[in-house]
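Trainee: I would like to learn how to read a model like this one, feature by feature. Where do we start?

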Amino acid sequence: MAFGTAEYKERIYKTKERMSKQGIDVLLVTDPANMNYLSGYDGWSFYVHQMLIIMIDEEQPIWIGRGQDANGAKVTTWLYHENIIPYPDDYVQSNTKHPMDFVADILKQIGQDNRTIGVEMENYYFTAKCYEQLKKGLPNASLKDATLLVNWVRLVKSDTEIEYMKRAAKIVEKAMMKGIELIGEGVRECDVAAEIFHTQIKGTPEFGGDYPAIVPLLPSGEKTSTPHLTWTDERYKKGDTVILELAGCYKRYHSPLARTVNIGKPSEEIKTLSDVVVEGLNACLDMIKPGIACEEIEETWRKTIEKSGIVKDSRIGYAMGLNYPPDWGEHTASIRKGDKTILQPNMTFHLIPGVWLDQYGFEASEALRVTENGCETFASLPRQLFIKDGILTKN
């Protein structure tokens, strides 16, 4: 297990406190990050239906998943083996059976079918079909939306979680520098991506890496006008701007990082944009501390860059840490206007005030931890535009 049993029990306790406040007796947890957070379960099985059942008056959760994954639950969780309940394989991608039918039957058998049951409605892994089958199979239950209930418990990290993110940062530093080193005129984008992947998984001599929740994002040229493109087999050209947004991952904990490279002399527009973004990013890092609201960080960014005339409508950051594909964000606090979440020590964010204009863009970001008196970044790399001249890298 990634953590001791005592830490998992503390997480269960905090989850039950939130359940009680929301009037929930039974919580069905289907987000694999939340399943991992509460039980330690870690496997690439989230493409089929699985869940943890948290009962307000029971000490341990129940894991329900595909039969062939049950031994994985025994290996990776702190649960008693009798609390690991597999469903037969004829429930998998069947037109006549559904795993939520099995779940409903289990809840009936253990006398939980007439209670208030919370489900994670806004969740990549919980489908409309799941909800319909639960309603059909549990006619005496009251189903209630429990979206993000566990996610908010995850917002403040333990010291061990912070250590895992620091290790992830060491990995992303190596992966980022490998990408920057290899980008150059005539090099294929896919070859750079391959070496980044290799570095992310190889990690350091002291610890290896895990698979990040998001693949390397590597838009180049005019494609830097948008943030979420990956790579092609095309070759980089002289003058291209390339954005790299990556993460290191250790025991499912992430440390994201974005930097921007120019192959050869950058245009004045790119140089100006990079200066604006980095100035705004630095201003935010200088003012982050416990007790302020997320929206105050965004206000600092907005006021710092307003003289440039650049307007950014999207948020400039979000809480992040433990996760599975397709996202390393926690879906809770966002650094944007109107978010009044108050910062506390050991909250962790990805501060990414990237700007994407019609034909070009620039990103520089930092994963950070709120400290007792301010904040600290997990990684340590220059933020300015990297300029590649032949085989030399300058900033």
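Mentor: Start with Asn-346, which counts as buried because its relative accessibility is 11%. Buried means under 20% relative accessible area, exposed means over 50%, and partly exposed lies in between, with a 1.4 Å probe and protein chains only. The model is predicted, so local features need pLDDT of at least 70 and side-chain atom pairs count only at pLDDT 80 or more, while totals for chains, interfaces and linings use all residues. Residues are numbered from 1 along each chain as its sequence is written, and side-chain values use heavy atoms, with hydrogens and water left out.

Trainee: Which peptide bond is cis, with omega near 15°?

Mentor: The bond from Pro-325 to Pro-326 is the cis one, with that omega. Pro-326 belongs to the loop between E9 and E10.

Trainee: How many strands form the open sheet, and in what order?

Mentor: The pairing rule first: two strands pair if DSSP finds at least two bridges between them. Here five strands form an open sheet in the order E10-E9-E11-E14-E15, with antiparallel pairing. Strand E10 (329–334) and strand E15 (375–377) stand at the edges with a single partner strand each, so one side of each has no neighbour in the sheet. From one strand to the next the twist averages 35°. For such angles, axes are lines fitted to C-alpha atoms, for helices over the stretch in contact, and the angle runs from 0 to 180 degrees between N-to-C directions.

Trainee: How many of the residues of E10 are buried?

Mentor: Five of its six residues are buried, and E10 is mostly covered. E10 and E9 run antiparallel and are joined by two bridges. On the other pairing, three bridges join E9 (residues 317–320) to E11 (residues 348–351), again antiparallel. Tyr-318 stands opposite Ser-334 in E10 and opposite His-350 in E11.

Trainee: What does the count of disulfides come to?

Mentor: In general, a disulfide is a covalent bond between the sulfur atoms of two cysteines. The cut-off used is a pair of cysteine sulfur atoms within 2.5 Å, and by this rule the count is zero. Cys-284 is in no disulfide, and the nearest cysteine sulfur, that of Cys-375, is 9.6 Å away. Cys-294 is in no disulfide either, with the sulfur of Cys-284 the nearest at 11 Å. Cys-284 is buried, with a relative accessible area of 0%, and Cys-294 is buried, also with 0%.

Trainee: How do I read the surroundings of a single side chain? Where is Gln-112 found?

Mentor: Gln-112 is in the loop between helix H4 (99–109) and strand E5 (116–119). Its relative accessible area is 7%, so Gln-112 is buried. A polar contact is a pair of N or O atoms within 3.5 Å; within protein, one must be able to donate a hydrogen and the other to accept it, and residues adjacent in sequence count only if both atoms are side-chain atoms. The Gln-112 side chain makes a polar contact with the side chain of Arg-115 at 2.7 Å and reaches the backbone oxygen of Ile-110 at 3.5 Å. By contact (heavy atoms within 4.5 Å), Gln-112 touches Val-26, Met-55, Leu-107 and Ile-117, leaving out residues up to four places away in sequence.

Trainee: Which domain does UniProt place at residues 163–371?

Mentor: UniProt positions are given in the numbering used here, feature names are shortened, and annotations may be inferred rather than shown by experiment. The unreviewed UniProt entry gives "domain: Peptidase M24" for residues 163–371. That stretch, 163–371, is 32% helix and 21% strand.

Terms used
Helix = DSSP H or I, 4+ residues; strand = E, 2+ residues; numbered from the N terminus.
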